[in-house]
Amino acid sequence: MKFGVVVFPGSNCDDDAVHALRDQLKQDVVKLWHKDHDLQGCDFIILPGGFSYGDYLRTGAVARFSPIMNEVIKHAERGGYLMGICNGFQILAEARLVPGVLLRNTNQKYTCKNIYLRPQSKSALVTAELEDKAYKIPIAHGEGRYFADADTLKRLNDNDQVIFRYCNEAGTILEEANPNGSLDNIAGVTNERKNVFGMMPHPERAADPMLGNTDGRLILEQLLNAVLV
């Protein structure tokens, strides 16, 4: 499995993703510059967190039109694996590769802290075999409030496309555990084909034992194990 981590102007979690995948999970990883037109034979593309293009217009709105996104979209349409984390999730939403949008946090503030996630989808590769419990994962965003209209939300639930919801430490999904006001505590979704994944929390920032938390590694290992089957 060869991973490609796309680097946009303003990306700041690309090295975190490379470290988690290459140094912790021992995978083949290359960086892909946003002006590239070649995915270099990568099987799995990562759109990392950060502030692509300074978050001008809307988060992810400019990066969605970077040259490499033409190839990323084609890759996804062919059934290739694609994951967007935080700003990467926002870019996926802008490119209509996953349903819904990411709005300003209800507290109108940038929020950076550890939160808890509970896996939801039993058919999406990233969560299908995860233990049903709370995972402690960092967030760092100002526009992470997931929103979709009623019809889209119904389809997401009917198709088992919600991959994570915010919960408390005990794994209970309740409003008090929602850090940004996301609809139905949604922290991540997949597309209908379930080869494109978007999530606001940062599993790559919780993958190294030196950080005192490896819950994110469990998520990345599950995804890796699933796609290598």
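A cavity here is a set of points, on a 1 Å grid over the protein atoms alone, where a 1.4 Å probe fits but cannot get out, and its lining residues have an atom within 4 Å of a point. The structure is a predicted model, in which local features need pLDDT of at least 70 and side-chain atom pairs count only at pLDDT 80 or more, while totals for chains, interfaces and linings use all residues. Residues are numbered from 1 along each chain as its sequence is written, and side-chain values use heavy atoms, with hydrogens and water left out.

Two cavities of 30 Å³ or more are found in the structure, where a volume is the space filled by probe spheres set on the points, and grid points are joined across faces, edges and corners. The largest cavity holds about 60 Å³ of space, and its lining is made up of Phe3, Leu21, Phe44, Ile46, Met83, Leu220, Leu223 and Leu224. Two or more of these residues come from each of β3 (44-47) and α5 (215-228), elements that are DSSP runs numbered from the N terminus (helices H or I, at least four residues; strands E, at least two). Helix α5 gives the most, with three residues.

By class, this lining has eight nonpolar, no polar and no charged residues, with Ala, Val, Leu, Ile, Met, Phe, Trp, Tyr, Cys and Pro counted as nonpolar, Asp, Glu, Lys and Arg as charged, and the others, Gly among them, as polar.

The second largest cavity, of about 40 Å³, is lined by Ala17, Ala20, Leu21, Ile46, Ile85, Glu204 and Leu220. Here helix α1 (residues 14-24) gives the most, with three residues, and the lining divides into six nonpolar, no polar and one charged.

Definitions and conventions: On a 1 Å grid over the protein atoms alone, a cavity is a set of points where a 1.4 Å probe fits but cannot get out, and a pocket is an open set with protein on both sides within 12 Å along at least five of seven lines; lining residues have an atom within 4 Å of a point.
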